[in-house]
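Let's take a friendly look at one part of a protein model. Keep the sequence and the 3D view side by side as you read.

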Amino acid sequence: MTRTMNAQRKVLHALLDEHGLTYAAEAGIRLKDTPQPLYRTLVLATLLSTRIRASVGVATARALYDAGLRDPRRMADATWQQRVDALGEGGYRRYDERTATQLGDGARLLLDDCGGDLRRLRERADGDAGALRASLRRTPGLGPTGTEIFLREVQDVWPEFAPYLDNKTLQGAERLGLPKDPAALVRLAGDTPHAELAAALVRAALDRHVAEDCLERAA
């Protein structure tokens, strides 16, 4: 039993050492409980919720920031073509026209609903993850997948929702031969931030080569 736990811990730490960067951090977002980084993370989650490579979603989130589209007001005030151009700059070309519309509509919705400050949605949810998911799903283009991505990424700054290890993270755990119980995964991860744990497990779920490499290095 002890050897099994030790082996699992080696596998998990091999994963975290190589793949424990959150998607927000990869996109250059210093995530904290303030409006702009929370909004940028919501945009990133929207981009990642479509069938594109995560690297393209991350690059596009950076491109939107570089184009000045870093908060709901600037996103809403930008022209549709400006949004299309920024999306194209990041390589997000397959869905650029539709997503440009969704980002504009979503920004206006946020401004109308919560003054562009996602912390108000957190306050309304009052610790209820289901209520928060329902509010977030009103965002055009986000959907269930994007909602899960957002909650995985923000769980360390909104700790009442942590640990947030959804089905996708547990798929990664299964592929690595790790427990499919969130509490057990948190114990194995020690003091690793929950969002980093979730991001690493998602990468293992999305790419079998990630899992195979970690298992080989931990052997």
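## About the model

This is a predicted model, in which local features need pLDDT of at least 70 and side-chain atom pairs count only at pLDDT 80 or more, while totals for chains, interfaces and linings use all residues. Residues are numbered from 1 along each chain as its sequence is written, and side-chain values use heavy atoms, with hydrogens and water left out.

## Helix α11 and its buried side

Start with helix α11, which spans residues 167–175. (Helices are DSSP runs of H or I with at least four residues, numbered from the N terminus.) Thr169, Leu170, Gly172 and Ala173 are buried there, and buried means under 20% relative accessible area with a 1.4 Å probe, counting protein chains only. These residues lie on the same side of α11, because they cover an arc of only 150° around the axis; the arc is taken from the directions from the helix axis to the C-beta atoms.

What covers these buried residues? The cover includes α10 (143–154), α12 (182–189) and α13 (194–206). After α11 comes Gly177, which has a positive phi near 75°.

## A closer look at Thr169

Thr169 sits in α11 and has a relative accessible area of 0%. Setting aside neighbours within four places in sequence, Thr169 is in contact with Arg152, Ala198, Leu201 and Val202, where contact means heavy atoms within 4.5 Å.

## Gly143 in helix α10

Now find Gly143 in helix α10. Gly143 is partly exposed, with a relative accessible area of 23%; partly exposed lies between the buried limit of 20% and the exposed limit of 50%. The C-alpha atoms of Gly143 and Ala45 are separated by 9.6 Å, although these residues are 98 residues apart along the chain.

Key
Helices (H or I, at least four residues) and strands (E, at least two) are DSSP runs, numbered from the N terminus.
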